[in-house]
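Subject: Handing over a structure, with notes

Dear colleague,

I am passing this structure on to you, together with some notes on what was found in it. Please look through the sequence and the structure before reading further.

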Amino acid sequence: MRIRRTIELGEPELVRALLGDGDRHLRRVREALGINVVVRRERLHVDGPHDGVEKGVEAFERLVGLARSGAPIGSREVEQVLRSVRNGDAVPEPEEAIPDRRSVPGSDLLAGRVHPLTDGQSEYVKAMRAHDVVFAIGPAGTGKTYLAVAMAAEYLARHSVHRLILVRPAVEAGEHLGFLPGDLREKVNPYLRPLYDALHDLISPNQVARFMERDVIEVAPLAFMRGRTLNHAFVILDEAQNTTPKQMKMFLTRLGHHARAVITGDITQVDLPDRTPSGLAHARDVLRDVNGVAFVHLEKRDIVRHPLVQRIVDAYEACRDGLTDEPRELDTPRS
């Protein structure tokens, strides 16, 4: 059965945000849901099969909500909303939005907002607000690190913490960096680059540089945490699946007064030597019933990178049994 629905927008700016450059957002929703969408005088007229129209109206209403809150509408947001309405996910509550790039006296934090885009991300944001220690476990692209850095930036901007410390195990170099060229910073920077990328996306580069000069923001390999006590700090341990149980315990016991920690990782991407247990998987088993510690498990449906990423994850999972890093001989063409 075909039905027709109308969405009142009322604001030319809202229409432009929903349509996208060259009407690309409109075309994407139309193609994804098999519906017809026509824009007339700041109204969207949607018609087609009942299920497609209902999902299309819900998708446009979610996008309208994002646009009215000041969030930019790009291809990533459109794809995530489409995935969300197909899966029947609930709409994240507006109060869960994480301020980012907003104006803060004495800083270059710029205007804008970071929103959880899936149910899993909403649960993650709630957990970070409610618990001092949060573990976020899930596949690549689910926003584990990005949302943690956004939350830490909010705490820093509100002066709820004095420092932001981003930590990553340099497991690719076995935490033994002496053989690499350059000074200490040049040795470890390649392994910490993803954390810098998230920081620069959320806080202006000039402010990041000033914060780092004053030790307000620190980015360091995990080995450098030994023997320290981290007071009044928001600490993020990224790629935690590549810690050993001893390293994980060492990290967690660094927390001092008024400190918070978020630990992120993907237990399906462990790069430790064979038969070395992952500290993230071990912590999940040991700490699951500890009061004040929360575990959030993100799934494939929470992936918010390029739409191809989820399909790539699916493909690798389908052939996981045959996945190996061992070299194999290539077939030699017959002459």
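In which helix is the place of Leu66? Leu66 belongs to helix H3, which covers residues 50-68, where helices (H or I, at least four residues) and strands (E, at least two) are DSSP runs numbered from the N terminus. Leu66 is buried, with a relative accessible area of 12%; buried means under 20% relative accessible area, exposed over 50%, and partly exposed in between, with a 1.4 Å probe and protein chains only. Along the chain Leu66 and His115 are 49 residues apart, and their C-alpha atoms are separated by 8.3 Å.

Before going on, please keep in mind that this is a predicted model, in which local features need pLDDT of at least 70 and side-chain atom pairs count only at pLDDT 80 or more, while totals for chains, interfaces and linings use all residues. Residues are numbered from 1 along each chain as its sequence is written, and side-chain values use heavy atoms, with hydrogens and water left out.

Salt bridges

The structure holds 16 salt bridges, a salt bridge being a side-chain nitrogen of Lys or Arg within 4 Å of a carboxyl oxygen of Asp or Glu. One of them joins Asp47 to Arg4, with the closest N and O atoms 4.0 Å apart. This pair links distant parts of the chain, since Asp47 is in strand E3 (residues 43-49) and Arg4 is in strand E1 (residues 2-8), 43 residues apart. Asp47 counts as buried, at 17% relative accessibility.

Another salt bridge is formed by the side chains of Glu154 and Arg129, at 3.1 Å from N to O. Glu154 lies in helix H6 (residues 144-157) and Arg129 in helix H5 (residues 119-130), so this pair ties together parts that are 25 residues apart in sequence. Glu154 is buried, with a relative accessible area of 2%, whereas Arg129 is partly exposed, with 32%.

Arg163 and Glu218 also form a salt bridge, their closest N and O atoms being 2.7 Å apart. Because Arg163 lies in strand E7 (residues 163-168) and Glu218 in strand E8 (residues 217-221), the pair ties together parts that are 55 residues apart in sequence. Arg163 is partly exposed, with a relative accessible area of 21%, while Glu218 counts as buried at 16%. Salt bridges that share partners also join Arg2, Arg4 and Asp47 into one network.

Not counting residues up to four places away in sequence, Glu218 touches Arg163, Leu164, Ile165, Leu166, Met225 and Arg228, where contact means heavy atoms within 4.5 Å.

A helix pair

Two packed helices are described by the angle between their axes and the distance between the axes. The axes of helix H9 (residues 245-252) and helix H10 (residues 279-287) come within 8 Å and cross at roughly 65 degrees; axes are lines fitted to C-alpha atoms, for helices over the stretch in contact, and angles run from 0 to 180 degrees between N-to-C directions. On the H9 side Pro245, Met248 and Leu252 take part, and they meet Gly279, Leu280, His282, Ala283 and Leu287 in H10.

Helix H11

Finally, Ile312 is found in helix H11, residues 307-318, and Ile312 is partly exposed, with a relative accessible area of 43%.
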